[in-house]
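Hi there,

Here is the structure I promised to pass on to you. Have a look at it, and then read on for what turned up.

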Amino acid sequence: MPLKLKTKDKHIKKLAEIVNGPKSILYLKEDLLAYDCDGFTIHRHMPKAVVFPKNTEEVAAIVKYCASHNLPFLARGAGTGLSGGAIPINEEVIISLVRMKRLVHVDLENRRAVVEPGFVNLKLTNSISEKGYYYAPDPSSQYCCTIGGNVAENAGGAHCLKYGVTTNHILGLEVVLPNGEIIEISSDGIPDAPGYDLLGLLTGSEGTLGIVTKITVRILKNPEAKQTVLAYFDKVSDGSYAVSDIISAGIVPAALEMMDKIAIEGVEAASFPVGHPKDIAALLLIEVDGIEAGIDEQIKEILEVCKKRNVREVKVAQNEQERARWWANRKTGFGAMGAISPDYLVQDGVIPRSKLPEVLERINQVSEEVGLRIANIFHAGDGNLHPLVLFDSRKPGETEKALKAGTACLKACADVGGSITGEHGVGIEKMEEMRFVFNEEEIQAQTAIREVFNPKNLLNAGKIFPSPGRCVEIKKEMKATSVKSEEKLLEFS
Amino acid sequence: MVVKEFISELRTAFPDVEMEQAQTNCDLGNNGYVHVYPKSEDEIVTILQYANEHGKKIVVQGNGSKKGFGGEKETADILLSLSKYKGIVEHGAGDMTVTVKSGTSFQELQEFLSEYKQQVSLDPSWPKYASIGGVIASNDSGPKRLGYGSARDAVIGLRIIYPDGTIIRSGGKVVKNVAGYDMNKMYIGSMGTLGVFTEVTLKLRPLPKKESVVLISFPEGSFEDIHAFAVKILDSMMEPVSLEFLNPSLAQKLIGKKQFTLAISFEDVESSVDYQVKMIQDMKPDQTTLSILLDNEELQSFWNQLYSISPNGVEGNLETKETEACLKVGVKNLSVLNVIRDGQMLQDSHNLVVTAHGGLGHGICQLNLKGAREDVASVITNLCQIVGRLKGYVIIKHAPLSLRQEINVWGDKPTYLFLMEGIKSKIDPNHVLNEKRFLGGI
């Protein structure tokens, strides 16, 4: 029986048939509005349709159909990405993977789990925590972002300093290639499969090489103990030096986070204040985990380092509640900026740790040059900065200024040998900034790989790599559009 | 081709590059009529461009420890040796990163870093010969990958020369980086088939404040006890850096006990290591013997012996009539027990020596075979069947050329081989580099 759809579009009718009915497809303008952007809200575009496959075969059938009819398409998880990787700039058919959300298999003895791409990151840890295990990558959006999206973006998080980012925890993938073919790479999760490391290449490819439909991840045993330290500094430079000193002392903390004065003002004004002093210049949030017998020794050393670097006050979390409060305060840091500024723009540069004082100084200069406040919240341990440019889009010219400041911050990172993105991805946001770190030949070397997987470039085209015409176009549009903090429903680091 | 003419042609083309005509061939193949020893990146670029334009084939090597790894040819036109392209380029002690020229031996690199109480947390075979470029190109790893991961976890940047002479940088100098595709991963383990690494940037770890290895030897026939004990350790709060299972032949060489033995190592602050060693002592199953390596000399000697148990391409074994081979086997973590046990059984049923070890926390095993050629070949075939049933893979890391020409070094072709072939043909369309040295004849 033909499906009852309020459209005459033959492609939509056919796609609806593939996913078995009208409840698994959206195609009306009012329904599509929610899919015109992801966590990067400065640029918006309407998709052709959104389909919700239930299994790999449906994904493959959709992809085959799109490929044979030259319809652009892309995959989407929870839509929390911060660089616009899931924005349908070519009026794509969005393949939403949120209904593929099963935890397929857990093998504690061999320390691995198999999940579908729509499975939410934190749910995995919650499903195995009773047995004493967890999944390490912890982006701040972990309570709602999907593991499929994490694979696409090679997501990081606060605890990646010790345990690595997503790519270090992916053991196997089932992938639907852009021609609809299904391949399985190391589906048993055995490392070092013979041949080029396609797992490594696919992870972090921002949904441009294939659509991941099943993921085998490594799971870890919970550390026996952890302790968390909060340290307040009167000078940013003292805090920065303390970061280097802790690492140089041979300690590998599980997390080592920093916030500056403006960031602290924000988090204290938002939903999870912890009573940080208002007049300090910087705070460090340091977590050490591992064997209980070894933790005290490390904490003692951290306290000594902080004292040597003129810390005003330093304290160790007395219980799990206190620790949780400190982390909630930090992990909601981006959204908290909404409490002190109508709009903000988040950046994601990375620098060699030793350049922290120098780069923070440069960011300060940028702030003065453009006349906008910039808050800094960052994963100091691995040099991953998140400058938050505060602005008011209602004031003419401020959005442009904010974008300019963001780019200048990334340039400052690239200039000291760093990178333009540590965990948010390039997406459409930082395509032009790719030129800060790669030359034309190096960009071509990467697009050559895309041609192998995605020769017709129908899958998520126009992302990551700068191509002159397109970039200018998007930058123009970005300047013309304003961004509202309250619109940013999904704001995370 | 007359080699003399060829070398004079090369001398004209690269008057400044050190080169020599190949000496006697060894039985491992992967040779070159002419050996060139570039000392600068420019020289490497021009040699590659020359070969690419003149239809010449190049074999790339560091110091040659992996000469017996892959490849079906006796010799290519040029052997490009990186043994004279070495040294530290940049060490960010505070950033805990190092950039090093690819021909630097792993041991030299570690010795340099140890002055700063830092290390590259990899433990490949034959550190005194293995160049860092070769370790990364072959994705070699050792028992400590349980605690520290493998090359793909340690490499943060590469500088690689494509066959057409293009210099490509991948990654960077920072420990966290998602700008563009993660090209490092593709180059790691690519066996020199995509380009020549000139520089490798690695993230470093502090040298551990204390290290200890606990050795537990099990009586014969206690396989179930070993399994149960391993699971108990893996499910505990302990954080061993390695949990390596040694077969009796290897245990006899290393510690003089011809028994299945677990080598459990810890690296951390002193109180943590002591606590965990004590825990293992308390858990020790009945009828096993336990010994602890604590002092530096003992530890060094244990690891050094373990890292030099496999055959290598530098020392060769031309004097002996015995055939040597080394296999890398990947299986699920606990299936390592089966592989090592069956490897020992094959030693007993064939007339050869199998020294074997495998990591119960990561699933990678190494089996070294030494004996008559037909026995070695037969054991390899048997092991491939056993590992196939465990859904794992076997890679032949070292074998004489004649054996490699008979036995498939990389195992079955995956269904997605076409993607790998596509990558190869984008980067090296003329198949200049390490021809047929990799999976599926790439």
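Before the domains are listed, one term: the domain bounds used here come from an automatic or database domain assignment. Please also keep in mind that this is a predicted model.

With that in hand, chain A is divided into domain 1 (10-96), domain 2 (103-221), domain 3 (224-336) and domain 4 (341-493).

Let's start with domains 1 and 2 of chain A. Their C-alpha centres lie 22 Å apart. Across the boundary, 14 residues of domain 1 of chain A are in contact with 21 residues of domain 2 of chain A. On the domain 1 side, helix H3 (56-68) and strand S3 (73-76) of chain A each supply at least two residues. H3(A) provides the largest share of that side, with six residues. By class, the domain 1 side that touches domain 2 of chain A is made up of eight nonpolar residues, five polar and one charged.

Now for the meeting of the two chains, A and B. Here 70 residues of chain A are in contact with 65 residues of chain B. Several elements of chain A each supply at least two residues to the side that touches chain B, among them strand S9 (182-185), helix H8 (236-248) and helix H10 (292-308). Which helix gives the most to this side of chain A? That is H16(A), with eight residues. As for residue classes, the side of chain A that touches chain B has 29 nonpolar, 27 polar and 14 charged residues.

Conventions: Residues are numbered from 1 along each chain as its sequence is written. Chains are lettered from A and ligands numbered from 1 in the order in which they are written. This is a predicted model: local features need pLDDT of at least 70, side-chain atom pairs count only at pLDDT 80 or more; totals for chains, interfaces and linings use all residues. Two residues are in contact if their C-beta atoms, placed from the backbone, lie within 7 Å. Helices (H or I, at least four residues) and strands (E, at least two) are DSSP runs, numbered from the N terminus. Ala, Val, Leu, Ile, Met, Phe, Trp, Tyr, Cys and Pro count as nonpolar, Asp, Glu, Lys and Arg as charged, and the others, Gly among them, as polar.
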